[in-house]
Structures are given as structure tokens and as C-alpha cells.
2 protein chains.
Amino acid sequence: MHASKSFHFFAGDFTTHADFSELLQGADIVFHLISTTLPNTSVDNTTADVHGNLLSTLRLLEQMKKKGISRIVFPSSGGTVYGEAQYLPIDERHPTEPIVPYGATKLAIEKYLAIFRHAGQLDPICLRISNPYGPGFRPESPQGVIGAFLNKSLNNQPIDLWGAGDVQRDYLYIDDLIDAMIAAASYQGPHFLFNISTGIGTSLLEIIALVEQATGHPLVVHRHSSRSFDVKSNVLCNARAQQELGWSPKLSLTQGIERTLQWLKSARKYSDSQAPNT
Amino acid sequence: MHASKSFHFFAGDFTTHADFSELLQGADIVFHLISTTLPNTSVDNTTADVHGNLLSTLRLLEQMKKKGISRIVFPSSGGTVYGEAQYLPIDERHPTEPIVPYGATKLAIEKYLAIFRHAGQLDPICLRISNPYGPGFRPESPQGVIGAFLNKSLNNQPIDLWGAGDVQRDYLYIDDLIDAMIAAASYQGPHFLFNISTGIGTSLLEIIALVEQATGHPLVVHRHSSRSFDVKSNVLCNARAQQELGWSPKLSLTQGIERTLQWLKSARKYSDSQAPNT
């Protein structure tokens, strides 16, 4: 994590009055990647979500304005700000009607960024990212089905499936996402909001089949009834990002899952070799 | 204010952890009319706006859910949630791109209400109200040009005008607004959001002329350059409210200004008669 000499690590609690002033010293661009909640954890504690994400972000933005740092790349949530799809693929003009607090908070941050942009105080870019996956994820985190399913498969554990498995998502490989963030950092055109996605919908049943194909093992599926905060389909049109950012995703889902699996295997091997002998 | 026997007054600070539990005891419907900021005061302190309005409202909503009170009538801001008009009159499907934090906070509250509605936890109605005016306003408050201009005129003081005076607003008489809130309280149809407005745009220069006509005195106008947080035109289509709530505004602007002036004169007389002899 600290491998690069040009990388400085500051530890702190984003949700308290962290000293963003030190953090921002000498910075030209801010990539704001912190989130204190996930879509499901935001459901039962909306005030914590607002405190941890919206208010903390507003404090960060105030510090940026004070220091004259104008460019911030904000990863919004392409999976939750739109709500139920009124048409597919969803473009940036689609209505924003989140059905989960996580999406409402991400949307509120977008709106404040737009206000500061309108007032000439900041030069933000919002990326409405679809479902990212790939090397570097936390194997024990419930976030991200591809990583979770791969990890369960290697552990010979059953997976949990809510609903019939026909829920469609738009899975984006992490390296493609990083390329989009870098392209966004130097973008100078007229737009402010971009979907960052593949534009391809894949069902959970298809993901299960792809994971089984990559690992060579069938998955044991524990079925549950569907959750009220999962939208049925989320596939995002990426035409604006292609045209304006000169960006497009490079990796197929089959390739991406294969690479994620290889990374996970080596990460587990490393973790095993580091484990104390018991 | 305490004239009616069926009116119970509870004093408390909405922005701290007020005991909404006592307040809500025995209530069937909540009209949530508190706001701790105005559009202009929200500009320089976005975190206070979020604390005072969004977080406090979320706490109120949590208490409502606990007590099983589902109907809340929330006055949103038809003047700020839409931002610059992309077409006129603005209907409820118009994009919501506020240019002032006050509007972003109102919009965020709308989004949380929609989420709780989707989850079956609350049965809210949001009213996107245009510019209300009429008897009962605070003469010294900067909010509401009609009241402010009438009061300045009676005081023989100059008025402040930002911009050329061509800024259009949709002025709604207070009694018409109250009728809409009462109609909304018992509404059981499919909609959740309503513009509450006249659908008629009136410029500031026209307001000045109407005030001069009502008082019989010319106003002295101090001109300033326009403010970045004022949208140029805000006129709201009220067709949905007319159709669904069976409501329509009754009073013309000329009549409304005349009634406001009469009320202001008698309020000032009362206030003078209460003043200590000095």
C-alpha cells in the first residue's frame, strides 16, 4: 500500500473534524473515495449515513475552497442514484429516484458539487459508477458479488442469493474504472456528470455460471426472498464518457473474473504463508 | 397564536435532539413547516443547513415511523429545487438542479421521503410551493418581496432590487396555500409530489408597480447587481394539483396585495398601540 515513494498516507477519521488542511497541502486534484456506508447498511441508519458521508464531504469541500483546490473527482453511485430503471440502458438524463438512503446521500453530494460548480467555487467531476469488481477487494466484505462468490467458492462455502437471480447489473473491471478516473481528472469539457460502466447487463445467474466456469466447481446457492432495496435492473449507457473522456472499458467479464480469481488465489496463498503456525 | 383550544404549543429547538415523541403523541398527520435557513442564508453555511434541516427532519421521520404515524405533508421549495428553468411553466417532471444549498437540502428531504414511501414506512406528500405571501408575515424579515416592499413603503424607506427587475416569480396567496395543504393532508391518489402555485409569472418590476398602486405612493428603489443564487424565472405548472387535489388558487395578485396591505396596516397600528410611551 505504501510501496510508491510519491504516495503519502494520512490516517484519520473522516467523520470527525479531521484536519483536511494538512491532507490537502500541495494537492492539485482530490479523488474522494471514502464512503462510510454500503447500500444495505444505509437503510437502518440514515442519520449516520448523512453524518458520515454528506456532512464530512461538505467539510472537505469547504477546505478545498479555502485552499483554492478546484478539481475533485467524486465517485457517485450509478447503481443507486437512478432507482428503478424507466428505460435501459440508463443515461445521465434519466430521473434520479433512489430507493435506498445510500443513493440519496450520493445524490445530495452531487447536487452540492453542482451548486459549487455553478458558483465558480469548485470544478468537480461526478462519476456514476456501475458495479466495480476485480483484484484488491476485501475477500470477507459483503460488497461486490463477483469477489464474494469467488471467495465462497474457494472456501467451499454456499453463496446467498436474494430473489430469483434475474437481477441485472453492469459489472466494471477495476482497471477500467481507474482509467476512467484518470481521464476524468484532466477533463476540461462542458460536462460534469458521467456514467462509468460497460453498458452490458449481466444477471446474477449468469455471474454464478461464469464463476463456476472460472473455478471449475459448482456453487451451492442458498436462496432468500428479494430485498426491497435492490432495483431490478441497472445497466448504464456510457456513450457520454466514451465521447467526452475518450474512455471505454477494455476487459470482458470472462477475462475480468479470471484475473480476479488469479489475484484472489495468490492473495490467499500470501495470507496463508503469513499466518502464524498454530 | 394560541387562540384555539385545540391548538397545543410545544416550544423546543428542532435542531437539537428535541423530544419529538411527546410532540407526536396522538397525532394523525404531521405538517412539517420548520426551516432553519432561507435560500440566501444557506449559501455560506451548508453544513448548518444540513444539520438544522436534513438531519433534524430525518430524526422526526424516525420518530413518526416508531409511532406508526404515516402521513406527513412536507412543504418543499418550488422556487429552488428545479434550478434554472429549462421550460416554462415548470412541471413536476422538470429536472431538479438547484443552484442554492437550500434547494439541495429540500430536495434531499424529498428523496428520503420517497425512499420511506417506497419501503412502505411513511405516506408522505411533498408540496413544491412557489412564492407565498400574505397576512401573518414578519414585517422585518427579508423573506418575501411583497411583504418587504409593502413594509418599506409604509416606512417611507427605499427598497433593494438585485438585477434589472425582470426576474419572474409565481406569487401565491397564503390562504390558497393553506387550502392546498389541507387538500394534500387527505389525498389518497397515486402521486406524491405536487407543485402548489398559480402558474402565472410576475416580474419584480410588476410587483413594484402593484405595490405602488395599492399604497398610492411611489417606491424609492436602490439597485444592486444580480445575485448568483437567484434563478431568472420560476413559474410552476399546477395542473397536477388541480386535477389530483381538486385545488386551485382563488385570489388574484392585486386582491392579495391589497389584503396584505390592510393586514399590515392593522398589525402596525396594534403594534404602535402596544409600544411603550417614550
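Me: What makes two residues count as being in contact here?

Reply: Two residues are in contact if their C-beta atoms, placed from the backbone, lie within 7 Å. By that rule, Thr46(A), Val50(A), Leu54(A) and Leu58(A) are among the residues of α2(A) that meet α2(B), where the partners include Thr46(B), Val50(B), Leu54(B) and Leu58(B). A word on the source: this is a predicted model, in which local features need pLDDT of at least 70, side-chain atom pairs count only at pLDDT 80 or more, and totals for chains, interfaces and linings use all residues. Residues are numbered from 1 along each chain as its sequence is written, with chains lettered from A and ligands numbered from 1 in the order in which they are written.

Me: Why is α2(A) called roughly antiparallel to α2(B)?

Reply: The axes of helix α2 (residues 46–67) of chain A and helix α2 (residues 46–67) of chain B come within 11 Å and cross at roughly 170 degrees. Angles over 145 degrees count as roughly antiparallel, so α2(A) is roughly antiparallel to α2(B).

Me: How do you know that the two copies are related as by a two-fold rotation axis?

Reply: Chain B can be laid on chain A by a turn of 180 degrees and a shift of 0.0 Å along the axis, with an RMSD of 0.0 Å. The two copies are therefore related as by a two-fold rotation axis. In chain B, the C-alpha of Ala108(B) is nearest the axis, at 2.9 Å.

Me: Which element gives the most to the side of chain B that touches chain A?

Reply: The contact takes 22 residues from each of chain B and chain A. On the side of chain B, α3(B) gives the most, with 9 residues.

Technical notes
Axes are lines fitted to C-alpha atoms, for helices over the stretch in contact, and angles run from 0 to 180 degrees between N-to-C directions. Helices (H or I, at least four residues) and strands (E, at least two) are DSSP runs, numbered from the N terminus. Angles under 35 degrees count as roughly parallel, over 145 as roughly antiparallel, 65 to 115 as roughly perpendicular and the rest as oblique. Copies are superposed by least squares on the C-alpha atoms of residues with pLDDT of at least 70 in both.
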